[in-house]
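Dear colleague,

Please find below the sequence and structure that I am handing over to you. My notes on what was found follow directly after.

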Amino acid sequence: MSHFPAPAAPRRTPCNIITGPLGAGKSSAIVNLLANHSDGNWAVLVNEIGDVGIDGAIAKSSGADGSAMVAEIAGGCICCANGVAATVTITRLLRRKPSRLLIEPSGLGHIDELAEVLCKAPLSNALELRGLICIIACDRHARLWEAGENYRDMVHASDVLVLNRRDVDEAKTVDVEHWARELYPPKAVRAGTRGAFAPDLLEVKRLEPLPDHDDCDEDENRAGSRSTWTHVDGVVRTVAARDGHAFVGLRWPKNSRPFDDAALAAACAATVALPGLERFKGVFYVKTRGWVLVQWVRGDAAGTSEPISRSADARLQTIFAGPPLPPAAVAALEQRFFAAQLTA
């Protein structure tokens, strides 16, 4: 038997994504962090959507001793093309053994895709992704939230919201803070000053993924009938019957088409009006509102619809009292929701 201690696992470099809309203060936040940290050499990966990179030049001049390791990807989004550009560039930075890596995607970046790349091998072997920080421009938030699907995606993917540009309009700042603290699951909400925020926010852990929203998960091992069917577009239908109840569930593939708000509301209303329905729960990505959780229990007047930060996919579950639903009724139910999806 060997008495030698097992070798210690190699240290993974902590990594944070600092995101936000164009002009929110991301670069200012990174400049402040580089100028004031004291724990070794940090690395920065900056992504400019244009062909001429400017943020990288700013970051290079911002270290306390001018020694910040900075790489730049200009002319495209590091979140796209399967993360090839990000993987190659980050690997080169990590060879210089930084004590922390900050990533500033373009204000048009797709944060979920980038986070997914960072959390998979080979990068996950060397990186530990910590809290995603979104810089919120309080003076422009309402307009961006209403019109910008990409902005809503940034917010939903983030763990920390830093409220910036608060001095521009105090009334709007109050509204934004109220909105931020009502999000579910809860996020850390902090005030920023000209983009700067307390560095301890970098240590916030990633939000745990939302649990599956299938009410009959615990029931699926019980005796009863159960069948699944996968449509051509990848939607999986599950039909089951047990204990005097019928279950119909739908699960859409990741990145499926978003739902139209009004059409989805109509589909939900028609569903809760079906005879025998006891429970309805659904998670949907709505183009104008982001991810929403819709719930209804028999006895409720109208049910509830509330924003949630994210979900792995869109899905719904219905529970009926009585025998299995006829195939025509199942087909009609799912067609209501298929029709509620946007065509493009």
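**Overall picture**

Among contacts in the protein (heavy atoms within 4.5 Å) between residues at least 6 apart in sequence, 72% join residues at least 24 apart. The model is a predicted one, in which local features need pLDDT of at least 70 and side-chain atom pairs count only at pLDDT 80 or more, while totals for chains, interfaces and linings use all residues. Residues are numbered from 1 along each chain as its sequence is written, and side-chain values use heavy atoms, with hydrogens and water left out.

The secondary structure consists of 9 helices and 15 strands; helices (H or I, at least four residues) and strands (E, at least two) are DSSP runs, numbered from the N terminus. The protein has 344 residues, of which 48% count as buried. Here buried means under 20% relative accessible area, exposed means over 50%, and partly exposed lies in between (1.4 Å probe, protein chains only). The protein exposes about 16900 Å², and carbon and sulfur atoms supply 55% of that area. Accessible areas come from the Shrake-Rupley method with a 1.4 Å probe; for residues, only the protein chains shown count as cover.

**The pair α8 and α9**

Helix α8 covers residues 261-272 and helix α9 covers residues 327-339; their axes come within 8 Å and cross at roughly 160°. Axes are lines fitted to C-alpha atoms, for helices over the stretch in contact, and angles run from 0 to 180 degrees between N-to-C directions. The two helices, α8 and α9, are therefore roughly antiparallel to each other. On this scale, angles under 35 degrees count as roughly parallel, over 145 as roughly antiparallel, 65 to 115 as roughly perpendicular and the rest as oblique.

The crossing of α8 past α9 is left-handed, a term used if the near helix is turned anticlockwise from the far one by less than a right angle (right-handed if clockwise). On the α8 side the contact is made by Leu-264, Ala-267, Cys-268, Ala-270 and Thr-271, and on the α9 side by Leu-333, Arg-336 and Phe-337. By class, this contact of α8 with α9 has 6 nonpolar, 1 polar and 1 charged residues. Ala, Val, Leu, Ile, Met, Phe, Trp, Tyr, Cys and Pro count as nonpolar, Asp, Glu, Lys and Arg as charged, and the others, Gly among them, as polar.

Pro-253 sits in the loop between β11 (245-251) and α8, and is partly exposed at 27% relative accessibility. Leaving aside neighbours within four places in sequence, Pro-253 is in contact with Asp-233, Gly-234 and Val-235.

Pro-323 belongs to the loop between β15 (315-321) and α9. With a relative accessibility of 63%, Pro-323 counts as exposed.

**Buried residues**

Ile-90 is part of helix α3 and is buried, with a relative accessible area of 0%. Beyond its neighbours within four places in sequence, Ile-90 is in contact with Leu-45, Leu-101, Ile-103, Leu-118, Leu-123 and Leu-127.

Thr-13 lies in strand β1 (residues 13-19) and is buried at 8% relative accessible area. Outside four places in sequence, the contacts of Thr-13 include Leu-94, Arg-100, Leu-101 and Leu-127.

Thr-173, in helix α7 (residues 170-182), is likewise buried, at 9%. With neighbours within four places in sequence set aside, Thr-173 is in contact with Cys-138, Arg-165 and Arg-166.

**Backbone geometry to note**

Most residues other than glycine have a negative phi, and most peptide bonds are trans. Arg-165, in the loop between β7 (160-164) and α7, has a positive phi of about 55° and is partly exposed at 31%. Lys-97 also has a positive phi, near 55°; Lys-97 is placed in the loop between α3 (84-94) and β4 (100-104) and is exposed, at 73%. The peptide bond from Ala-121 to Pro-122 is cis, with omega near 10°, and Pro-122 lies in the loop between α4 (111-118) and β5 (127-129).

With kind regards
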